[in-house]
Amino acid sequence: MTVTETVRQPAPAFGEPVLEAAGVTMRFGGLLAVNDVNLTVREGEIVGLIGPNGAGKTTFFNCLTGLYKPTGGQVRFAGAPLAPKPRAVVRAGMARTFQNIRLFANMTALENVMVGRYCRTSSMALTSIIRGPKFRREERATRDRAQELLEFVGLGKSTEHLARNMPYGDQRRLEIARALATDPKLILLDEPTAGMNPQETRQASDLIFKIRDSGLSVVVIEHDMRFIFNLCDRVLCLVRGETLVEGTPDEVQSDPRVIEAYIGTGEDEDEERPQDAPAADGDGEVTP
Amino acid sequence: MSFPTLPDTFVAKHAAKGWPVGLAGVALVIIGSFMSWSFDRQILGDLSVYGYPGGLQILAIIAALLALALLLMVKGPLYSVMGHWLDAALGLRALSVWLLIYMVGILVAITTESSGLVNIDPGGWVSFVGALLLFAGSRVIPLRELRDLSETKVPGWLEIAGIAVVMAGILFGAAYALAREDAWSFVLFLVFAGGVIAAMFRTGTMTWFSHVATRQKKVLTLAAFAVAFFFPFTQNGSDANMSIATSVLIFAATAMGLNIVVGLAGLLDLGYIAFLGSGAYVAASLSQSAFATIGWKPPFLVVMLVGGLVAATLGLIIGSPTLRVSGDYLAIVTLGFGEIFRFSMFNLDGNNGPNLTNGPNGIPGIPELEIGNFNFGDPHTVLGIELGRFSNYYFVLLLLLGFIILVFSRLNDSRIGRGWIAIREDEKAAEAMGVNVFGLKILAFAVGAFLAGLAGTLKAHQDGAVSPDQYIFLESAFLLAAIVLGGMGTIAGVLIGATLLKLLPEKMRFFSEYRLLLFGLTLVLMMRFRPEGLVASRRRKLEFHEEDEELALAIESELVEEAK
């Protein structure tokens, strides 16, 4: 196994840590789905999360966003400990998308994004019934911001379209717009290019760069290695719930353990998906 | 209502005959209506006069004239005016079917109410044959391709005039229907109204009207309230129908409150009547009735507020532990809560606990409502028309219903309403987007309970008595049925559902034994054929037809259209 030396680019200067997850552990009965995973994400950083199917990537996301209550470890966000409750997580500034798209199918694109504004707006029952100037101002601001975000992700023309009628790629982008509507500091994307063709995948990575450039940090789960290694500043590889390797894309893709985790050693071949393997990526840097 | 269509070859062969046969049918129906229908003058009003039509015969003539107008749209002077837009042939088919049912109904009514077929006079047969000819003729008039009605450009004043005509029709129809004393006349009127509505749907008039309604929403709302407001003035001081109308209003107001819980937040509440009951018990206890156990009588507005707050508190108490669990459990718990409420009222009689409610006897003798110097028990004369006791309550209840509708529609169209829809769509995703799922559910529960409590305080005064047996599970079930039948999450639908469910049993006493059977049957059929209810909200239509791509695209194009 040979590893080609590439010229190390100077590490970009990242800001303060946004997310600090230490020793996150999730146990379902006898199954240890996530075991003592550490992850630090800094301002303006794009971090990739890779690993074979069932490695616990999505479970880790669920632990971070409060959908699961981790059985061990601590998550700190922007310096403060984060309670494992979805609302608290979103309020603190961490938003996510889902692996299997979970849009509000019977709402329009605009309405979907407006729901995302929920936690940043405050009008309650009485204000909504009385409809004073404050309510109308907030409602208009919500609408304008939602429209702005739809244009940001490239769906400016589809505002009144029902989510369920939209093409697959647009639904993925709409989900990102909805997550952005919560004004996050960090956005977690769970397989944002699953099922996309190469052109859509390139648009997706452009969009993620655009999100990063607007000042957000990004964590991406993905199986498409070319996409991940091109996109991320740092990559974390999970296998069987544990961190196998963490480092720059170059370090990770040249690590023999990563290749082994994907291709297998021949003993547990049945759980492999060769097309996910870095080698199948064919960029010549890794030759088995 | 539609029958299977005849084979195309048959229609093509006889197409030319359809029009003249239909015209002959119209003529016969009208001629027959000027003759006597029934030998017995005691039944169905009086239909035994030769020379001029009366009562139900006038309805037949109106239907025939409508059919004539449609015929002239198929071929004749009206063709150039409206023939391109309205689907006259299809409308004619619908109308003729209903007219035939109407005439058959008349013949059956005369036969069963008097002693046999012999009592049908020639006029009845003539009109019946006329209806039959019209039916046959309409079957072979070929259908045509039409332009899209939503493209019609009609001046605004004409749209408003259209709303006025429909609203006036509803007002007169309601007054006329309520004035029918016997059940047969009432049912036959419903058949007539059904025919007119079906024809409006089939010709596409209804489509046009629904477009107008979305364009002229404010005018329509005002007109609807004007109609409701003027209804008591059509009753000439008679309280018989007004008492039905007030009970319809109470029922509708409560159903509208429940609609927030069920239709907007998507929570199944099977004990909602308890909130109405708690409001009513509060008002009764604070009324200084001779049987009330609390000797305090604050101003009525305070009573309303207390009633609403007590109900809302009960809602919070029952909601906070149960709303954390999912749908079915909530239904069971609320069902139990409804019963607990009833039994508590039953048992707080001094023997089993403190004497608050007089137990099974309830609190009778609640004095009439009095606001300022205005006593709701006395009749008042306005513009020379006497308005009785029930009319007074009617107006207050109308205000309350208006308030509840306002709360409903404003909550629906707000941040909170969007949150509710998101929860209905995907609770987990809504939570992950920062929507306060539990808070919004409990809000729906509390607001719904509060509004029912308000309605309850008025109901106590209007009924003059409260007792536990008014607040049984069946009432909750009827409220829910009104919502499901009318259309969850809609205003018009729930109003229609509530009116139908309250009005029909009042007017058709003879079927009261079969009431539950028929309601059950209706609901089963609705679930099978039109789960979104009579008036469907767009959102519910989509939710009930997840697989229907065409529907989704059609609704989407409407949305895009409206956004422009």
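## Chain B at a glance

Chain B is built from 22 helices and 4 strands. As you explore it, keep in mind that this is a predicted model.

## Overall shape

Now for a look inside. Of the 564 residues of chain B, 47% count as buried.

## Where chain B meets chain A

How many residues does each chain bring to the contact? Chain B gives 32 residues and chain A gives 33 residues. On the side of chain B that touches chain A, the elements giving two or more residues are helix H14 (389–412), helix H15 (415–425), helix H16 (427–432), helix H17 (437–463), helix H21 (538–544) and helix H22 (549–563) of chain B. The residues on this side of chain B divide into 19 nonpolar, 9 charged and 4 polar.

## How confident is the predictor?

For chain B, the mean pLDDT is 83, and 95% of the residues reach 70 or more. For the complex, the predictor gives an ipTM of 0.84 and a pTM of 0.84.

A word of care as you look around: where pLDDT is low, the predicted coordinates should not be read in detail.

Methods
Residues numbered from 1 in each chain as written. Chains lettered and ligands numbered in written order. Predicted model: local features only at pLDDT ≥ 70, side-chain atom pairs only at ≥ 80, totals over all residues. Buried ≥ 20, exposed ≤ 12 C-beta atoms within 10 Å, placed from the backbone. Contact = placed C-beta atoms within 7 Å. Nonpolar A, V, L, I, M, F, W, Y, C, P; charged D, E, K, R; others polar. pLDDT = per-residue confidence, 0-100.
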